[in-house]
Amino acid sequence: MKMKTRRSVLVLLILLVSIGMLWSAGAGEQAKKVELVHWGHTQPPFDGLIARNINTFMAENPNVTVEYAVFSDADLPNQLLTAVAGGSAPDSFTIAGTQAARFLEANMLVTIDPQAFGKNTIDEVIAMWEDGAFMGAGGYFKGSYYGIPHELSNYCAWINGKHMVEAGLDPKNDVPETWAEFTEVGKKMTVDVGGVRVRNGFGVNLKTAGFVANIGFPLLRQLGAGVVDDDVTKSLLDTPAAVKAVTTFTDWILKDKIWDPGLVNDDREGFGNELLSMFLTGGAWYWGVMQSQYPGVYDDAIVFPYPRFAEGKDIGGISYGYSTYVFNSSKNQKDAWRVADAIASTPDDFIKEGLFQPRKGYDAELAAASLPSWDVFGADLKKSTPRPVTKHYAE
């Protein structure tokens, strides 16, 4: 009897010790300290919103510490490349989709981890955002998903209503819908004095090749052509449709003469200074630029959808944006994705400050109230043209 009692006590002690060890292991795992670094581009007031979301995440996950650093938009790619070369890359970073191409093409990034978002499949993660958001913001690359959308914008067309009236046009009824109409309207608003160009009917930013590509690419896509296919493996420029698209663009200078590049080389600045009457590289954010830098033009500006070819596809201007990615060198990739999810979890806060975070569940009425001309931008965004994710895009 005593032997049985001793054995029972011994078994109980072993059981208690085992339970204690399991509990300690679990608690240790729970308390495991995770240190993460996230980089982004500075853009007040969004820096504060992102920092707040990160702080909220850390409060809810006290074992995780996130260091958040920002750099200028232009400097961030080089800072990242330097960090990678030195073996000190951050765990995650938010960058423009086209700028992420160099990291994607070098196989430095990991695909999205659905479990970090509480999902089982990548399709479930994609369903958390608006249709086309991953393509537009640069999160899709060669058949896989590498980045979650952080911000999404699109280009629409802009025209000066006062210039239309001066040219005998009706700002309500004569806004161009086709590229042929666009050219004719541009001719009527072009002004030469004594054989000298003083106002272009239209203009393009010539400071970088990217702006030319941003306009030319939708023209190509509307005619069923393109620069490269979605997997960035095959050129699409050697077709009659591509020739027509490119010729339409060059004719604005050479034949139609609605654009004299010698007058002004920055279309947004030229529009603000009334040196040109139409341009094609403005997002909803340009309203804020005008309000602060060119208030005299603000009330005369009209936003309209990208014109289409009469015989072409119903495709608008480019969509573009920023995505958040995770380096494959990160030792805590799942937690890094969890931070990325937290950063993008408050779309209405972004919208209140003028940026569109395309996560489902955003307040559509708030977007209409906070983003000027959202009726035009939002509608054309659904028909927009995602830019190919390649470091050779501008080339």
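Apart from neighbours within four places in sequence, Asp380 is in contact with Asn154, Cys156, Pro305, Tyr306, Arg308, Gly316 and Gly317, contact being defined as heavy atoms within 4.5 Å. The structure is a predicted model, in which local features need pLDDT of at least 70 and side-chain atom pairs count only at pLDDT 80 or more, while totals for chains, interfaces and linings use all residues. Residues are numbered from 1 along each chain as its sequence is written, and side-chain values use heavy atoms, with hydrogens and water left out.

Asp380 belongs to helix H17 (residues 374–381). Helices (H or I, at least four residues) and strands (E, at least two) are DSSP runs, numbered from the N terminus. With a relative accessible area of 5%, Asp380 is buried; buried means under 20% relative accessible area, exposed over 50%, and partly exposed in between (1.4 Å probe, protein chains only). A polar contact of 3.0 Å links the side chain of Asp380 to the side chain of Arg308. Such a contact is a pair of N or O atoms within 3.5 Å; within protein, one must be able to donate a hydrogen and the other to accept it, and residues adjacent in sequence count only if both atoms are side-chain atoms. Gly316, one of the residues in contact with Asp380, is 64 residues away along the chain, yet the C-alpha atoms of the two are separated by 5.9 Å.

Strand E12 (318–326) was examined next. Of its 9 residues, 9 are buried, so E12 is largely enclosed by the rest of the structure. Ile318, Tyr320, Tyr322, Thr324 and Val326 point one way from E12, whereas Ser319, Gly321, Ser323 and Tyr325 point the other way. Strand pairing was assigned where DSSP finds at least two bridges between two strands. Strand E3 (residues 92–96) is joined to E12 by 5 bridges and runs antiparallel to it, with Ala96 opposite Tyr322. E6 is also antiparallel to E12, through 6 bridges, and here Pro149 stands opposite Ser323. The pairing of E12 with strand E13 (residues 385–386) is parallel and comprises 2 bridges; Pro386 in E13 is the bridge partner of Ser319.

A separate description applies to an open sheet of 3 strands, in the order E10-E7-E11, with antiparallel pairing. Strands E10 (278–282) and E11 (301–304) stand at the edges and each has a single partner strand, so one side of each is left without a neighbour in the sheet. From one strand to the next, the twist averages 35 degrees. Strand E7 (residues 156–160) is joined to E10 by 3 bridges, and Trp158 has Phe279 in E10 as its bridge partner. Helix H8 (residues 179–189) lies across E7 and E10 and runs at about 125 degrees to E10. Axes are lines fitted to C-alpha atoms, for helices over the stretch in contact, and angles run from 0 to 180 degrees between N-to-C directions.

Pockets and cavities were located on a 1 Å grid over the protein atoms alone: a cavity is a set of points where a 1.4 Å probe fits but cannot get out, and a pocket is an open set with protein on both sides within 12 Å along at least five of seven lines; lining residues have an atom within 4 Å of a point. Grid points are joined across faces, edges and corners, and a volume is the space filled by probe spheres set on the points. The largest pocket has a volume of about 1,200 Å³. It is lined by 39 residues, of which Asp73, Phe211, Arg268, Tyr320 and Tyr322 are the closest to its centre. Two or more lining residues of this pocket come from each of helix H4 (101–105), strand E6 (148–154), helix H9 (209–222), H11, helix H12 (286–293) and strand E12.

The structure also holds 3 cavities of 30 Å³ or more. The largest cavity contains about 110 Å³ of space. Of its 14 lining residues, His41, Phe46, Ile50, Thr94 and His150 are the closest to the centre. Strand E1 (34–41), helix H2 (46–60) and E6 each give two or more residues to this lining, and the largest share, 4 residues, comes from E1.

Lys142 lies in the loop between strand E4 (140–141) and strand E5 (144–145) and is partly exposed, at 46% relative accessible area. Lys257 is located in the loop between helix H10 (240–254) and helix H11 (267–272) and is partly exposed, at 48%.
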